[in-house]
Amino acid sequence: MHVAFVSQYAPTDVRAFSGAPYFMARALRDRLSRLSFIAPLPIGAPVRGRVSKLRHRLRGEGYLRAHTWEGVRPMADRIQSQLDTLKPDAILAPSTLPLASLETDLPTAFWADATFESNLLFYPEFTGLPMSNVAEAHAVEKAAIQRTTVAAFATEHGARSAEGYYGVSDGSVHVVPYGANLDGVPSADQVLDAAAARPHGTCQLLYVGGGWVRKGGDVALRVAEELTAGGIPTTLTVVGPPPPVDPHPLLRIEGFLRKDNPTDRTRLGALFSQSHFLCMPVRAEDFGCVFAEAAAFALPS
């Protein structure tokens, strides 16, 4: 089977979208007779989009260009321009947006973590939007979900939103969780050996990701402080961008670890193996690939 993988993210970029498009594309490449890429896709007219964003910002408003017809039509145009040459059997996208404006008789599918509606009240970048942007984003999302052949969501709440809010009732909506975006997942024996070797003198908490406030980094640091004050010496290791806090004696800053760098990948695996808990008390998270990654190392969240 020949599938065209269409994405606004480059499938070679392991950092994009928690690595989901990268690992999704790689898994498909191993299982399909042929996989073609139409990516990265353009999001609207760059100059006009920047002007629109600036205009809204001057009004004290947010603006999501990718969730407008102006944003998605260039994606569809790019896909359409290559379909006749590639001649795939089906089209797959790691989000709804590339399919919102696409006109094709080919079977289409997307595999996303949530809908625009289910994110609207929770993600910071989705707040403060003008009503016109919200209404247009709902229309774009509805078009993508209703016209696709298979709508796969990594979360139950995404699937419920597609069926309840966007009115999809034809059986095309499915729940297909993401897996761990990792190379070299350890064996059961390796996991048990690593768990048995975890040190007992200090409780080692691990935080992996950006978005310090949204992902509860401030709460995780308070957990470390409370445990330490209660007689359990605790550290919080942070993987990702430096947190927006003053230097703290309980914080261990690792910085960003690239999964496509062998040294960084080994270090990340060691942190998963040696820590006692993944501590990410998120305020908003659609799926959270890091929880699946921690589970691959038998690290409780």
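The legends below describe close-up views of a predicted model. Local features need a pLDDT of at least 70, side-chain atom pairs count only at pLDDT 80 or more, and totals for chains, interfaces and linings use all residues. Residues are numbered from 1 along each chain as its sequence is written, and side-chain values use heavy atoms, with hydrogens and water left out.

View 1. Helix α3 covers residues 69-86, where helices (H or I, at least four residues) and strands (E, at least two) are DSSP runs numbered from the N terminus. At 1.5 Å a residue its 18 residues should span 26 Å, and its end C-alpha atoms are 25 Å apart, which agrees; the expected span is 1.5 Å times one less than the number of residues. The buried residues of α3 are G71, V72, M75, A76, I79, L83 and L86, buried meaning under 20% relative accessible area and exposed over 50%, with partly exposed in between (1.4 Å probe, protein chains only). Seen down the axis of α3, these buried residues fall within an arc of 110°, so they line one face of the helix; the arc is that of the directions from the helix axis to the C-beta atoms. On the other side of α3, D77, S81, D84 and T85 are exposed. K87 follows the helix with a positive phi, near 50°.

**View 2. Helix α5 and its surroundings.** The 17 residues of α5 should span 24 Å at 1.5 Å a residue, in agreement with end C-alpha atoms that are 24 Å apart. Among the buried residues of α5 are N133, H138, V140 and E141. The buried residues of this helix pack against α3, β4 (108-112), α4 (116-119), β5 (150-153) and α6 (156-164), contact meaning heavy atoms within 4.5 Å. In turn, what covers the buried residues of α3 includes α5 (131-147), together with β1 (2-6), β2 (34-38) and β3 (90-93).

**View 3. The four-stranded open sheet.** Parallel pairing joins the strands of this open sheet in the order β9-β8-β7-β10, two strands being paired if DSSP finds at least two bridges between them. The edge strands, each pairing on one side only, are β9 (251-255) and β10 (277-278). Strand β7 (residues 203-208) pairs with β10 over two bridges in the parallel sense, and L206 stands opposite L278 in β10.

**View 4. T237 in strand β8.** T237 has its place in strand β8 and is buried, with a relative accessible area of 10%. Not counting residues up to four places away in sequence, T237 touches L205, L206, Y207, R252, E254 and L271.
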